[in-house]
Amino acid sequence: MEETSDQTILLATRPGLKRNEYRDALRQMGFQVALADDDASCLELFRAALPDVLVIEPELPRGGGDAVLEAIQVKLTGNQIPVFVLSAEGNRSAIYRI
């Protein structure tokens, strides 16, 4: 029986990009995982309940990961939430913007 944690990771990536493998591995380690497919669902999940960790892809559909970080910047300022950026495309300009 796996232990469950009260820590939540918000994983915001496009479907694919090994997202299911990341989710499954994190769950096996006991974390709760919320999945977001695009910027709108990421913002909705983030605002509904602050995650303990945000893992985000710069190339999210619609507005992109950088738009999400800009929109939540105020909430991030007062809270110590680690943010990890994933990019399978090696897009240096997107990572630089973030």
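Two strands pair if DSSP finds at least two bridges between them. Helices (H or I, at least four residues) and strands (E, at least two) are DSSP runs, numbered from the N terminus.

Before you start clicking, note that this is a predicted model, where local features need pLDDT of at least 70, side-chain atom pairs count only at pLDDT 80 or more, and totals for chains, interfaces and linings use all residues. Residues are numbered from 1 along each chain as its sequence is written, and side-chain values use heavy atoms, leaving out hydrogens and water.

**Stop 1: the sheet.** Select the four strands: they make an open sheet, ordered E2-E1-E3-E4, with parallel pairing. Strand E2 (32-36) and strand E4 (83-85) are at the edges with a single partner strand each, so one side of each has no neighbour in the sheet. On average, neighbouring strands are turned by 20° against each other, direction ignored.

**Stop 2: E1 beside E3.** Now pick residues 8-12 (E1) and 53-56 (E3), two parallel strands joined by four bridges. Look for Leu-10, which stands opposite Leu-54 in E3.

**Stop 3: the helices.** Show residues 19-28: this is helix H1, lying across E1 and E2 and running at about 160° to E2. Axes are lines fitted to C-alpha atoms, for helices over the stretch in contact, and angles run from 0 to 180 degrees between N-to-C directions; contact means heavy atoms within 4.5 Å.

**Stop 4: Thr-13.** Finish in the loop between E1 and H1, where you will find Thr-13. Is Thr-13 buried or exposed? Thr-13 counts as buried, because its relative accessibility is 0% (buried means under 20% relative accessible area, exposed over 50%, partly exposed in between; 1.4 Å probe, protein chains only). Leaving aside neighbours within four places in sequence, Thr-13 is in contact with Arg-19, Ala-36, Asp-37, Glu-57, Leu-60 and Leu-86.
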